[in-house]
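This briefing concerns the disulfides and a surface patch of the structure shown below. Please read it alongside the sequence.

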Amino acid sequence: MTHRAGIAGFGLVVAFLATSSSPVLAELASLGDDALSDVSGQGGIYLSGDVSINEMGGPVENYHFGRCDDATRKCGARLAWRLKETGGWMVLDDIRGNFSFEGLTLRVRHVDSGFGGDGELFNRDVLELGLPNTVRFNDVHFKIAASNTARPTDPGFLQTDIFTVEMRGEVVMEGNLLVFPTGNP
Amino acid sequence: MMRQTIVAGLTTLLLPLPVSADLKRLDDNAMADIQGQSGITLEMDVGVSADRVSYYDDGQGVHLEGFRVGSSVTPDAPAHHEITIDVGQDASLNLDYLVEDRRIEFGDVRLAGAPDVSMGGLFLDQSLQGSLTMRSGGATGHGYTFDTAYTMTGGRLGYRTNGNEVFLDDITLTVEALGTTLDVVGNTLTLNSPSVVGSLDVGAIRYSGNSLNHGRSTDATTGALLPSYGGLSLDYDLSSRTDLTAGGRSGEGLRIDHETTIHSANFLYRDDTHALALRDMSGRYQISDLRLDVDHDWKGRPALALTLGTLEGDLHIGAIEMGANGKSIGQVNVSFLFQDQVFNGRTYTNAVYLQGGGHPDAGPQGLRMAAEWSLSLADLSYTEDGNRVIFSGLQSWGQGDITVNVTRDETRNGTRFYDGLRIGFDGVKAGYRINGLKVGDENAPLQGGTELLLALGFYPAYEFEMGGHITLAPGGATGEGLTVNSDIQLHSGKAAVIAAPYDEGSGEIPQKGLWLTEVEYDGHVRDMTLDVTDEGLVLGTGESWSTMDIGNVRVGDKNSGGSFGRLVLQKFEKGSTMTIVPGGAGDVCAGGVGSSASACAASGGIWQQRGDEGITIRLKQLLAPADGSGRKNAIAWETNRSSDASGNAVNGTGTQLVLNDIYTSDGGDFDGDGRDDNTFGIRTDLAVDVYQTKVVKKTDGADSLGVTGNRGDEKIMDSSVAQGYRYVANPTPEEILDRPLGFAVKAESRFKELSINRVDLVHPVGGTQTAIYGIKMQNFDIKANLTATPIP
């Protein structure tokens, strides 16, 4: 079967991704200002703002879902999927939180230099997602669970919460994410 | 007083036009005979008919057939006219006139070279009362000067094809034009109107699909009032100049040069008791070298040809108001220049070739316009609460046939038609592109930002071949309004999702971007209503379905950029709505959480009061489950395709990832009909504003424009420095007021339940295997508050 080949139709290169860990690909160094000056083109966008999920709750209000100020209800979003036709459901439950940033950039860029000489050989266009230096996470929260029904309101609903993830604070995200196609389209 | 009844008199038809070929200068002897009398009153019952009135240009003719002047009330009866003629002390000729219930019409316009088809008929009904004063003089001293004022009431202006008609009903028009001059300068007839002031009111725009009806507000069979698209009102104060010169683009014909200045104007579209208003308008336009010929189009078809040299102008709309309280979304300015230009290596011009026929299956009457256009440059700017965003460098080009028919709900000659005014597209190859956005003023750097409007289907550049139709029927969801039925097919499309500028200041360059190419689109809309309501402008779709087959998603160049593969998007919606509401995001906590300034600041956010103006677009998308006929919501991504002899990927030969049968629901069957309810859908509110934002320097040193600063410094606008901004480590409250403006979009999407029936992996030989047996997403409320500025 060649199903996987279909999914691998594009490549992702993280030019320099540093959170609290080491750079992912050390040979792909960040471009200096000289190299950046060779990048022709205006346009592109610099985005500032924030994204939130179920900040105050979602649109469903029943005996299971409700507003976030109601301790007897879940106010987060729920994502369920199943891998077998007659099997149970994996669940990302009670998803909520928000994050904010300044400096997420998006543009199309031609790479033909830099990257320790690899850029000259590369010589093509990429979609560049410039990561903001700092992303502030606020009360990001979700649970991994397993359930016997897709909906928590279905008859006989049972669910086992496996673990919960909570995240807050600042995360340093530097560098660019370069997206380009590889392989046979 | 002398009374005279004249049965026919073409002269009177030209009233109230300020020009009349039969109104010759009176010589002094004649004047002497008339002065001192109280004038002449002519009472006339005018009835004129002619089988054909023809115009020939270089031996090629166009015929107005079935020409008639008479009563608009009683068929075959004449129309009553009263004209009082007087000569003033200054030797001016004064006419006071009254025209009652007159109809001027012709049943058909037919080109001599295409006798089997025709363009359809026009009719004008009117009652007139007014005056015309004419004296010698003009602008040169050797012409004429006119003063005219008149009021038209009970007017109708209609277009009829194959027994169906659309007409403006209950027209009231007032015009006062003082000091209009008519001169012959060299070989040019010059009409100069320094002041034209007036108003127009159209009570209703009506449609009839009953061939027994002709120029009546009510149906001849049922007696009911004919359905209406709504009404219009316009008032204006303008001046204009028109030059007419003999000679067409080739041989005989007519050359027209014209310019108009709109000193002030207001426009209203009325839907029942609600209005969409364009207020405080002003502007100008200039037409240069417009030629009228009877000629042939680029395919050699006989046509009445209108070919243009240039058209340029600008329009300012001070406020666009809608909703219950007439709230404004802001100001709009448009500047435009139509002229010949090369696009994609081909020179496009501006021309319309009018031909008979319309859609070939709709009947012998209809209008076919073989059109070519070249919008060389346009800027569209939007200002709200004093802040401005410019959609800069808009260009458009195209060529193809546009057909116009008035049709009724029927299948005729194998083609499905709908009630209303049908605008058809036949082999239209067209495109448009914008250079980018500029926020603030014309000198601002180009930036992106249209990416934030993708949810509305806005692409910054698009080329396509188009066929299909849009049919506009009268009546909205309630009462007046519009109902739209359409079937549109696009071929060989190239649409930009992200687009870099096509001109960065040094001439045209290939436009880089993220492109959807080799696009084949087939879209259908049924019973989409358009109404103006208390809330704003509401579009409600009965049913819509489409397939967008994107041959390649390319990055870089639209023709040669690397491809991510093929993407097929299928949509099927029932009962979706879109509402355009005046007012933007209002108060926003950017980068934080909180509904008050203090709570926002405490969370680390910036409290923004984005003002009263702006636009909010509310979408409710009800995704319907697959209905078994192939209509569904699905996304397929195909890669690893085989190539043909030309190296092009062959669709269907690769492997596919398919999100199959995506639909919304309310999360259960609450009304007990055996199916999950689907009334909530995906609700998205998009609020668009132009507002300040925080821009932080990402690296130490100089930015792309050479302005230095340290990482983390804020960009502060400062007109006293060379690039118009500087970087500040710790901005003061005063400096914070000078943060840069951005294109601000606040979006909120909510849905109760979104399901994907299955996720399939498809192999061209091995067939389909299901990877995921169902995905259910429940209770989502996602908010994104993003402001786009140029990359420093």
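In this predicted model, the disulfide between Cys68(A) and Cys75(A) is right-handed, with 90° about the S-S bond. It is one of 2 disulfides counted over all chains. A disulfide is a covalent bond between the sulfur atoms of two cysteines.

**Disulfide in chain A**

- Cys68(A) and Cys75(A) are joined with an S to S distance of 2.1 Å.
- Cys68(A) has a relative accessible area of 30%, so this residue is classed as partly exposed.
- Cys75(A) has a relative accessibility of 4% and therefore counts as buried, the cut-off for that class being under 20%.

**Disulfide in chain B**

- The sulfur atoms of Cys589(B) and Cys600(B) lie 2.1 Å apart and form a disulfide.
- This disulfide is right-handed because the torsion about the S-S bond of Cys589(B) and Cys600(B) is about 90°.
- The pair connects distant parts of the chain, 11 residues apart: Cys589(B) belongs to strand β35 (residues 587-590) of chain B, and Cys600(B) to helix α2 (residues 597-602) of chain B.
- Cys589(B) and Cys600(B) are both buried.

**Nonpolar surface patch in chain A**

- A nonpolar patch on the surface is formed by Met90(A), Ile162(A) and Phe163(A), which together have about 270 Å² of accessible area.
- Phe163(A) lies in strand β7 (residues 159-172) of chain A.
- The relative accessible area of Phe163(A) is 44%, so this residue is partly exposed; patch residues must have over 30% relative accessible area.

How values were computed
Residues are numbered from 1 along each chain as its sequence is written. Chains are lettered from A and ligands numbered from 1 in the order in which they are written. This is a predicted model: local features need pLDDT of at least 70, side-chain atom pairs count only at pLDDT 80 or more; totals for chains, interfaces and linings use all residues. Side-chain values use heavy atoms; hydrogens and water are left out. Patches are made of residues with over 30% relative accessible area and no salt bridge: like charges are joined within 9 Å, nonpolar side chains (Val, Leu, Ile, Met, Phe, Trp, Tyr) within 5 Å. Accessible areas come from the Shrake-Rupley method with a 1.4 Å probe; for residues, only the protein chains shown count as cover. A salt bridge is a side-chain nitrogen of Lys or Arg within 4 Å of a carboxyl oxygen of Asp or Glu. Helices (H or I, at least four residues) and strands (E, at least two) are DSSP runs, numbered from the N terminus. Buried means under 20% relative accessible area, exposed over 50%, partly exposed in between (1.4 Å probe, protein chains only). A disulfide is a pair of cysteine sulfur atoms within 2.5 Å.
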